[in-house]
Amino acid sequence: LLESGGLGERQKALQFLGPSRDRRVDSVLLYWLEAALAGEMSPGLHQGLIEAAQLRTPPVIKQKLADLKSKLKK
């Protein structure tokens with residue numbers, strides 16, 4: 001859904017990913033954090049991505065999240 005769904009579907013997918021206990025979610029969120037940093041993600045999804053990533057614990061996710069927040073503040 002994150003690749004081809006409508007905006008609402010993509011937002012719901014992000015809401016589902018954040019609290020998931022599946023560690024594979026970290027790879028998915030990392031991919032989308034990098035896409036957002038590269039300007040390859042719809043701005044309408046940034047908030048959902050941020051909320052999902054905030055629920056994850058890997059340091060690489062935390063760093064990319066901080067980078068995205070910093071970029072969005074500019």
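## Burial and surface

In this predicted model, buried residues account for 36% of the 74 residues in the protein. The accessible surface of the protein amounts to about 4,800 Å², and carbon and sulfur atoms contribute 53% of that area.

The protein carries 12 positive and 8 negative charges. The mean position of the positive charges and that of the negative charges lie 6 Å apart.

## Fold and dimensions

The secondary structure consists of four helices and zero strands, and the order of elements from the N terminus is α-α-α-α. The radius of gyration of the protein is 11 Å, close to the 11 Å that the globule rule gives for 74 residues, so the protein is as compact as a globular protein of that length.

## Helix H3

Helix H3 covers residues 46-54. Its buried residues are His-46, Leu-49, Ile-50, Ala-52 and Ala-53. Viewed down the axis of H3, these buried residues fall within an arc of 165°, so they line one face of the helix.

Asp-26 is located in helix H2. The relative accessible area of Asp-26 is 15%, under the 20% cut-off, so Asp-26 counts as buried. When neighbours within four places in sequence are left aside, the residues in contact with Asp-26 are Arg-56, Pro-58 and Ile-61.

Asp-22 is found in the loop between H1 and H2. Its relative accessible area is 29%. Because this value lies between the 20% and 50% cut-offs, Asp-22 is classed as partly exposed. Asp-22 is 52 residues away from Lys-74 in sequence, and the C-alpha atoms of Asp-22 and Lys-74 are 33 Å apart in space.

Terms used
Residues are numbered from 1 along each chain as its sequence is written. This is a predicted model: local features need pLDDT of at least 70, side-chain atom pairs count only at pLDDT 80 or more; totals for chains, interfaces and linings use all residues. Side-chain values use heavy atoms; hydrogens and water are left out. Helices (H or I, at least four residues) and strands (E, at least two) are DSSP runs, numbered from the N terminus. The radius of gyration is taken over C-alpha atoms; the globule rule is 2.2 Å times the number of residues to the power 0.38. Buried means under 20% relative accessible area, exposed over 50%, partly exposed in between (1.4 Å probe, protein chains only). Accessible areas come from the Shrake-Rupley method with a 1.4 Å probe; for residues, only the protein chains shown count as cover. Lys and Arg count as positive and Asp and Glu as negative; His and the chain ends are not counted. The place of a charge is taken as NZ of Lys, CZ of Arg, CG of Asp or CD of Glu. The arc is that of the directions from the helix axis to the C-beta atoms. Contact means heavy atoms within 4.5 Å.
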